[in-house]
Amino acid sequence: MLCTRLTNARILTLDPHHPVARDLGVWRGRIVGVDEAVTALPAREVVDLQGATVLPGFIDSHVHLAWAGFKARTPSIAPCTRIEDILAVVDEAARRPAPPGAWLDIAGYDQRALGRHLTAAELDRVSHGRKILLMHDSGHACVVNTAVLELLPAEVEHEEGFLAESAMTAARRLRLPYSQEELADAIEHAARACLTEGITACAEAGIGGGLLGHSPVELGAYQLLRDRGRLPLRVQLMASGDTLRTRAAHPDDGFTEALDLGLRTGFGDDWLSLGALKIYTDGGMMARTAALTSPYEGTDDTGRLQDDPDRLTRLIIDGHLAGWQLAVHAIGDRAADLALDALERAQKLKPRPDARHRIEHAGLIRPDQLPRFATLGVSAVVQPNFLRYFGDDYATVMGERRAGWMYRGRGFLDHGVTLVGSSDRPVTDGSPLRAIQFMVERASASGRTIGGDEAIGVAEAVRAYTVAGAHACRWDDTAGTLSPGKRADLVVLGDDPHRVDPARIGDIEVVTTYVDGRDTRRLCPPEARGGGGGGGSSPSPSRP
C-alpha cells in the first residue's frame with residue numbers, strides 16, 4: 001500500500017523517460033512511480049491537487065542559514081538612506097537593557113545609498129557603552145565603533161571603523177562563538193522560510209570558520225536540530241577552508257591538510273551531510289572588493305584577493321589532493337583566473353574526472369574563461385537575484401563592456417558548463433521562482449536589461465534549481481527529478497512557469513512543499529508558513 005498518492009496534477013518530473021504525469025505514488029519517503037504504475041494501487045492518503053503544477057523540490061545550492069536566521073531577528077537599519085536615520089536606529093537599539101559592554105549587532109548596512117561609509121566616531125556617539133558591529137549586507141564588510149577597534153590586533157587595517165574581508169573576520173571573531181542553541185534556533189527559522197519558497201534541500205556555504213562561520217563547533221547545531229526532529233529540509237554543509245589543519249597521515253593518502261579524523265565530502269545521510277570545502281578567493285561587488293583584472297568604472301580600484309595568491313592556490317590543490325569536492329568563491333574575473341589555474345594544476349597532479357568542483361558566484365566571467373570551465377568540468381553556481389536587485393548598480397560599476405559578463409546564463413550553457421541556481425540567502429531574496437524569472441528576462445527590478453544575450457529558457461532555468469543543483473551537490477541518485485526511487489521532495493505550484501508570461505513567474509503561488517513525502521504545511525507552525533502571490537487553489541486530501 002502506498003503512503004500517499006498525489007493525483008489530478010500536472011507533474012513535471014524532469015525525467016526524460018516520463019516528462020509529464022498526472023499521478024505520483026509515495027512510499028516511505030520515496031517515489032514509487034507515476035501514472036499507470038501507481039494509479040490502481042491502494043494508498044493511505046490520496047491528495048487531489050486540483051490541476052496544480054508539481055515540480056521537483058527546488059535545491060538552493062548556496063545559502064547561509066544561520067546568518068539568515070540571525071539577520072531576521074536582528075535590529076536592521078535597512079532601508080535607511082541617511083546617516084542620521086541610521087544613527088537614530090542604532091541609538092534606540094543601544095539604549096535597550098543589556099549587560100555592561102555587551103555587543104550590539106545591527107543588520108542591513110549598505111553604504112551605496114549613503115555615498116560613503118559610516119565611521120567609528122559616528123557610532124561612538126550612539127553606542128551607550130556597547131560594542132557595535134554593523135554587518136554589511138554583502139557579508140564581506142562591517143563597520144564597528146571604537147570599543148571594538150581597541151580590541152583588534154594592531155596589524156588589522158581599517159578605514160575609520162570600516163573593515164573588509166579578513167579585517168571583518170578579525171572583528172567578528174571577537175564576537176564569536178554563538179551557542180549551539182542560538183545557532184539551532186536561527187537555522188531552523190531560516191530553513192522554514194526556505195520551505196515556503198518551494199526549497200526542499202540546500203547547501204550551507206561555509207561553517208566553522210571563514211568570513212561567516214559562527215562557531216568552531218557549528219556542525220553540532222545542525223546535528224542538534226537533526227536529533228530533535230527540527231531540521232525541516234535537507235542540508236549539505238560546506239566546511240570553510242580555514243578549518244583544515246596539517247595532519248600526519250600516510251603519504252599514500254594524499255592528505256596534507258584535513259579535518260579531524262579525515263572527514264571530507266560525502267559523509268552523512270540524506271538529511272545532513274558534509275559537502276564541498278569552501279574556499280574564499282576574493283570579496284564581492286556590493287562592497288567593491290571582488291577582484292577584477294580591470295578597475296571598477298571611474299576608479300583605479302581592482303578589488304582584492306582574500307590572501308596571498310600562492311597560499312590560496314596551495315589550499316585549493318591540497319583540498320583536491322585530499323579528496324574534497326571544492327566550492328571556490330570567485331566573484332571577479334581575476335579571482336576566477338586564480339581558481340581555474342589552481343584547479344587545473346590540481347587535476348594534473350591527481351586527475352579526478354568526477355570531482356565536480358564548483359565556482360561559487362562566477363560573478364564576472366570573461367568570454368575566454370568560459371571554455372576553461374567546460375574543460376575542467378567546473379560548475380558555475382550563480383545567484384540570479386543579485387542582478388534582479390543589484391543589477392543597476394553592478395552594471396554601472398562594471399561598465400557597458402563588462403555588464404553582459406555578469407552572472408551568465410546562456411554563455412555557460414552554450415559551452416556545456418553546468419549552470420546551478422542559488423540565492424546566497426540572506427544577501428538577496430531567496431525565492432527560486434523570482435530567480436528563474438530573472439534568468440529568462442534578464443531584467444532588474446527597475447526594468448533595466450542586464451546582459452540580455454545571457455537570457456535562457458524557462459526549462460533551462462528550472463533545471464538550474466533542480467537537476468543541476470542535484471548534480472552540484474552530488475545528489476543525482478536521490479534528487480533533481482521526480483523519478484522512481486528518488487526522494488519524494490517536491491513543490492506544488494499554483495501555475496506552470498512554462499505556461500505563464502515570464503513576467504509572472506516570480507509571483508506564482510507556492511501552494512505547498514513536500515519533503516520526504518510529507519506536506520510541510522502540517523509540520524510548520526502557523527507563523528512559519530508563507531506563500532507566493534496569486535494563482536492556483538489549495539490541494540485537499542481525501543481518503544480512498
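A: Buried means under 20% relative accessible area, exposed means over 50%, and partly exposed lies in between (1.4 Å probe, protein chains only). The model is predicted, so local features need pLDDT of at least 70 and side-chain atom pairs count only at pLDDT 80 or more, while totals for chains, interfaces and linings use all residues. Residues are numbered from 1 along each chain as its sequence is written, and side-chain values use heavy atoms, with hydrogens and water left out.

Q: Is Thr-4 buried or exposed?

A: Thr-4 counts as buried because its relative accessibility is 6%. Thr-4 belongs to strand E1 (residues 2-7); helices (H or I, at least four residues) and strands (E, at least two) are DSSP runs, numbered from the N terminus.

Q: With which residues is Thr-4 in contact, leaving aside its neighbours within four places in sequence?

A: Contact means heavy atoms within 4.5 Å. On that basis Thr-4 is in contact with Leu-24, Gly-25, Val-26, Ala-43, Glu-45, Val-47 and Gly-517.

Q: How is strand pairing read?

A: Strands of a sheet pair through backbone hydrogen bonds, either parallel or antiparallel. Two strands are taken as paired if DSSP finds at least two bridges between them. Here, an open sheet of 6 strands has mixed pairing and the order E3-E2-E7-E22-E23-E24. Its edge strands, E3 (20-21) and E24 (518-519), each pair on one side only. Strand E2 (residues 10-12) runs antiparallel to E3, joined by 2 bridges, and Leu-12 stands opposite Val-20 in E3.

Q: Which strands pair with E13 in the parallel sense?

A: Strand E8 (residues 58-63) is joined to E13 by 4 bridges, and Phe-58 has Ile-199 as its bridge partner in E13. Strand E14 (residues 234-240) pairs with E13 over 5 bridges, with Val-235 in E14 as the bridge partner of Cys-202. E13 (residues 199-207) is largely enclosed by the rest of the structure, because 9 of its 9 residues are buried.

Q: What unit do E13, helix H7 and E14 make?

A: A crossover is right-handed if, with the strands pointing away from the viewer, the path from the first strand over the helix to the second runs clockwise. E13, helix H7 (residues 219-227) and E14 make a right-handed β-α-β unit.

Q: How many residues does the largest nonpolar core have?

A: A nonpolar core is a set of buried Ala, Val, Leu, Ile, Met, Phe, Trp, Tyr and Cys residues joined through side-chain atoms within 4.5 Å. The largest such core has 123 residues, and those with the most contacts inside it are Phe-373, Met-406 and Phe-412. Helix H6 (residues 180-196) supplies the largest share of this core, 8 residues. A second, separate core of 21 residues includes Ile-86, Ala-93, Val-126 and Ala-287.

Q: Which backbone angles deserve a second look?

A: Most residues other than glycine have a negative phi, and most peptide bonds are trans. Cis peptide bonds join Ala-78 to Pro-79, with omega about 5°, and Leu-176 to Pro-177, with omega about 0°. Pro-79 is found in the loop between H1 and helix H2 (83-94). Arg-28 has a positive phi, near 50°, and is found in the loop between strand E4 (24-27) and strand E5 (30-34). Its relative accessible area is 66%, so Arg-28 is exposed. His-128 also has a positive phi, near 55°, but counts as partly exposed at 39% relative accessibility.
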